[in-house]
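We will go stop by stop.

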Amino acid sequence: MAKRPKFQRPTGMKDILPEEQPYFEKIYRTVDDIARFYGFGKIDTPMVEDSELYERGTGQSTDIVEKQMYTIKTKGGDVLAMRPEFTPGIVRAFNENGMLNLPQPVKLYTYGPLFRYEHPQAGRFRQFNQVDFEVFGEESAAIDAQIIQIFYAFLRDLKFSHLIIEVNSIGDAQCRPYYKKVLVNYLRPRQNSLCADCRRRIRENPLRVLDCKEEKCQRVKAQAPQFLDHLCDSCKTHFKSLLEFLDEIDLPYHLDPYLVRGLDYYTKTVFEIFSESTVEQKEGEETVTRSALVGGGRYDNLVRLLGGKDVPAMGGAAGVERIVALMKEKGFLGAEIPVPKVFLAQLGDLPKKKSLKLLEELRRAKISITESLGRDSLRTQLARADKLEVEYTLILGQREMLDETIVIRKMDTGEQAIVKMDKVVEELRKRLKK
Ligand code: HAM
């Protein structure tokens with residue numbers, strides 16, 4: 001067995017190698033286009049923030065704060081957390097930069113790495129990237145529908161089909177305390193059927209029980225009272241209005257009465273978007289797997305909770321690595337990865353020097369080309385050109401140098417032509433256009 005190298009990447013973190021980069025680039029290009037169209041401005045916030053920002057914002061009794069935060073004590077004694085999500089940092093930036101004075105709504109988006117000390121598994125990493133959209137200063141459910149629509153459009157643009165949108169309302173400060181009581185009254189007599197974490201959650205944060213993935217807790221959840229039956233009038237009207245907007249834009253949504261999300265700041269609307277794929281397992285048996293690609297919701301109290309004014313807000317975030325994994329599995333990018341169509345082969349010292357100049361000329365002419373400057377044998381270079389499946393190889397030898405010419409070889413037929421060096425760009429353009 002090969003010896004493992006002494007240094008390895010930290011558990012749950014990965015290298016994004018050159019062959020994976022086109023997926024990330026495609027995703028970020030698509031996001032930039034959508035954001036520009038819908039009038040979102042890009043914001044970048046620090047990768048670390050005061051850890052209290054998340055304790056207050058994300059919530060003291062959430063898994064993120066309880067179990068998953070990477071905290072650092074600086075030499076100066078500050079306690080910082082590596083950002084586990086974007087939302088509290090963006091709210092902090094909204095308050096700190098006086099964005100309340102801008103015309104409302106303020107629409108912001110961002111993408112980049114986040115850190116959660118998770119139990120690593122497929123689609124769950126300790127460092128991962130998200131694409132995040134947030135809107136501040138708009139109460140209407142039209143914005144809730146628009147955020148859902150934006151994420152749906154983003155995934156559709158990346159060629160995803162079979163998307164499932166789940167929505168729910170988790171009320172507000174008016175109706176939630178009452179629902180919590182109703183839920184606790186249901187859970188308490190059943191606590192022996194719950195996992196240890198959920199038994200504790202009944203006291204600390206009963207809504208979290210609805211979010212638990214343990215099978216026995218799911219069984220208890222299946223009969224639990226539903227939030228939708230206990231919403232106050234204003235939350236009910238908001239939710240009804242959201243569903244009307246979603247119907248209007250023909251988005252295929254489902255109502256999941258137990259969707260609560262794992263973060264504390266949500267009010268009213270919560271949503272998730274899943275991609276469904278059918279995987280064939282042994283003996284022709286098919287199972288449907290679901291991957292949660294997007295999560296979000298309204299958070300009308302967070303701006304004030306983090307020191308600002310009463311500003312309603314709504315947003316969501318998509319997991320980039322999960323999207324990349326599915327794009328690869330479904331072959332969504334294959335044909336779009338740009339491959340160079342020309343290879344430059346050189347023979348000897350002088351041609352090698354000339355090659356550097358020629359490469360720069362071709363770059364300026366936007367002709368994508370590859371080479372193997374470290375190799376000297378023509379046979380090895382042609383073999384490499386073959387492997388790369390280029391259409392043409394330019395061959396620059398000693399004799400061509402003297403004549404100021406270059407050979408153009410058409411790779412599929414082996415046909416060769418000699419052209420003047422100062423005409424090579426023009427000749428390639430002509431041939432590649434065909
Ligand atoms: P979240 O549900 O924690 O929400 O994360 C959103 C998405 O990020 C998930 O649906 C998933 O695709 C991806 N994700 C989360 N954790 C991991 C992980 N460990 N590894 C890989 N992917 C992961 C939020 O973060 C909220 N800030 C969303 C939001 C924005 N709500 C309002 N505005």
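Start with H230. A polar atom of its side chain lies 3.0 Å from the backbone oxygen of Q226. That is a polar contact: N or O atoms within 3.5 Å, where within protein one must be able to donate a hydrogen and the other to accept it, and residues adjacent in sequence count only if both atoms are side-chain atoms. H230 sits in the loop between helix 8 (215-221) and helix 9 (233-248). Helices (H or I, at least four residues) and strands (E, at least two) are DSSP runs, numbered from the N terminus. Now show the partners of H230 beyond four places in sequence: C175, Y178, Y179, V182 and P225 are in contact with H230. Contact means heavy atoms within 4.5 Å.

A word on what you are viewing: this is a predicted model, in which local features need pLDDT of at least 70, side-chain atom pairs count only at pLDDT 80 or more, and totals for chains, interfaces and linings use all residues. Residues are numbered from 1 along each chain as its sequence is written, and side-chain values use heavy atoms, with hydrogens and water left out.

**Next stop: a pocket**

Select R176, D264, Y265, Y266 and N301. Of the 15 residues that line the second largest pocket, these lie nearest its centre. Helix 2 (51-57), helix 6 (176-187) and helix 10 (302-305) each give two or more residues to this lining. Helix 6 gives the most, with 3 residues. The lining holds 6 nonpolar, 4 polar and 5 charged residues. Here Ala, Val, Leu, Ile, Met, Phe, Trp, Tyr, Cys and Pro count as nonpolar, Asp, Glu, Lys and Arg as charged, and the others, Gly among them, as polar. The volume of the second largest pocket is about 250 Å³.

On a 1 Å grid over the protein atoms alone, a pocket is an open set of points with protein on both sides within 12 Å along at least five of seven lines; a cavity is a set where a 1.4 Å probe fits but cannot get out; lining residues have an atom within 4 Å of a point. Grid points are joined across faces, edges and corners, and a volume is the space filled by probe spheres set on the points.

**Then the cavity**

How many cavities of 30 Å³ or more does a search of the whole structure find? The search finds 1. Select S61, E66, R200, R201, E204, N205 and R208, which line the largest cavity. Helix 7 (residues 196-204) gives the largest share, 3 residues. The lining has no nonpolar, 2 polar and 5 charged residues. The space inside is about 30 Å³.

Zoom to Q104 and P105. A cis peptide bond joins them, with omega about 0°. P105 lies in the loop between helix 4 (87-96) and strand 5 (106-115). Finish at R261, in the loop between strand 8 (253-255) and strand 9 (269-280). Phi of R261 is near 70°, a positive value in a residue other than glycine.
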